[in-house]
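Student: Could you walk me through a few pieces of this one? I'd like to take it question by question.

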Amino acid sequence: MSLITPDIGLIFWMTLIFAILFFLLAKFGFPIISGMVDKRSRRIEDAIAKAREAEERLSSIADEQSRMLEDARREQARILKEASDTRDNIIEEARSRAAEEAGKILSGAKSEIAAEREEAIREIRRYAASLSLGVAEKILRKELSSDEAQNAFVGRMMDEVERNTDKS
Amino acid sequence: MKGARRIFAVIVAVLLPLTLGAAELDMREYLLGHVGDSYGWHIATVRGEAVSVHLPVIVRSSVSGWHVFSSGHIEEGGSWEGFRLATGDEPHSGKLVEETPEGLLRPFDISITRNVLGLMVNSSLVLLIILFGARWYRRHNAMEEAPRGFAGIVEMMVTMVEDDIIKPCVGAEYKKYSPYLLTAFFFIFISNLMGIVPFFPGGANVTGNIAITLCLALFTFLAVNIFGSRHYYKDIFWPDVPVFLKAFPLMPIIETVGVFTKPFSLMVRLFANILAGHMMILGVLSVIFITATMGAFLNGSLTVIAVLFGVFMDILECLVAFLQAYVFTMLSSVFIGLSRQEPESVHDDNKL
């Protein structure tokens, strides 16, 4: 029977001791431990969140980087293409200019040659005229060495002049 | 193999007629002496001499006032200042009584008995363990490192109880209750374990004593009912049931009884489990002493069995020690959580 009848003395001591124990532990024990654990777990959560954020930022930076690289590559291709176009243009232009110049030079040379030839022809003509004049003179002189011949010649000349005036 | 069997048979034949000159074991005395309370702390009997720790007896008699004396004076049927232990057939058997002209009187008794000393030892142990765990945080930066070793175990236990039991069962306002629940957990756990330790200063049956569990249950009862929400009290006295169940106050009566049966169940559960565990171990070990007069062979073989069972029971009791602390804390948390509950239907009505 004594096992299931609570003893008043034990109840007294239990209440007292448990109250002291509770007071001490509630003041110096459990709140410190669980508070620190809470703080630490919050800090760890923070750290994890920060790490995730950093990772996200890093991946966005990588995206940005690859996009920039892509842009740069496209720009490079564009510039190269432009350069090659320009080069082609310049070469084409130079070629056409050279052809034009060559044509000009050629035509200048041609006209000069033509002028030279005319001059030469004229010279030859003049020379031929003076030559023929000299020949004619010599022939005339030889033919007109006698008086009769001179007369006959003058007479023919006169006839000729007459005919010419008649005609006119 | 055959030779071994023959040797065994010879040993049995030699041992069977042998008996030890052991006294008959008084089972009732043996069991109650171990699981009950006593004024002195009997440690062992060496060559017929009792080795025990004498504890102070503190009593206040309604006739002769306060008395403080050593429990050594009242051992072995002794009497001191008119006080002696009541014997088997008198009222208050085993307790201190005063012989007065009006007969035997039971004084107001707050002696430091074995259980009180055990209570002090266990509480000091809990205090030391927890304060040692808490001291680590003063010496280290808890933000940078986690405790290792003993402080790590303390932190793990505290965190386990708080995260697994208190937070989910109590709910949002768990911080207010967690020191009490943690204190109860560690007190019960350490006391249970100390109860299994078979020698001084362990072995006092603290948590298997109904006065201790009564106090613990009372503390939970107070924690539940002092801070109970309005909704909790409305559910007791005017629950949401058809009016005829309240007009004839059937439901309020049931609910009011429930308020007291909850802590009562806490009290009995812890008390009965620990007491039963002690009884089982003592019963198993008593086989050794009961069979001491039955011959060396029977005694020897049953001793082996008893020791094996004793080891098994001790290990089981280690599990029970934790389990009962866990269950007490969890049920206390659940009862507190129920008393802090806010009505959900009211919020829904407001929304609509």
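Student: Which residue does Ser79(B) stand opposite in strand 6 of chain B?
Tutor: This is a predicted model, with local features needing pLDDT of at least 70 and side-chain atom pairs pLDDT 80 or more, while totals for chains, interfaces and linings use all residues. Residues are numbered from 1 along each chain as its sequence is written, chains are lettered from A and ligands numbered from 1 in the order written, and side-chain values use heavy atoms, without hydrogens and water. Strand 5 and strand 6 (residues 83-85) of chain B pair in the antiparallel sense over two bridges (pairing takes at least two DSSP bridges; strands are DSSP E runs of at least two residues, helices H or I runs of at least four, numbered from the N terminus). There, Ser79(B) faces Arg84(B).

Student: Which are the edge strands of that sheet?
Tutor: Chain B has an open, antiparallel four-stranded sheet, ordered 5-6-7-8. An edge strand here pairs on one side only, which leaves strand 5 (79-80) and strand 8 (103-105).

Student: How are helix 5 and helix 6 of chain B oriented to each other?
Tutor: The axes of helix 5 (residues 174-196) and helix 6 (residues 210-226) of chain B come within 11 Å and cross at roughly 165 degrees (axes are fitted to C-alpha atoms over the stretch in contact, with angles from 0 to 180 degrees between N-to-C directions). Over 145 degrees counts as roughly antiparallel, under 35 as roughly parallel, 65 to 115 as roughly perpendicular and the rest as oblique. So helix 5 and helix 6 of chain B are roughly antiparallel.

Student: In the loop between those helices, where does Pro201(B) lie, and what is omega for its bond from Phe200(B)?
Tutor: Pro201(B) sits in the loop between helix 5 and helix 6 of chain B. The peptide bond from Phe200(B) to Pro201(B) is cis, with omega near 5 degrees.
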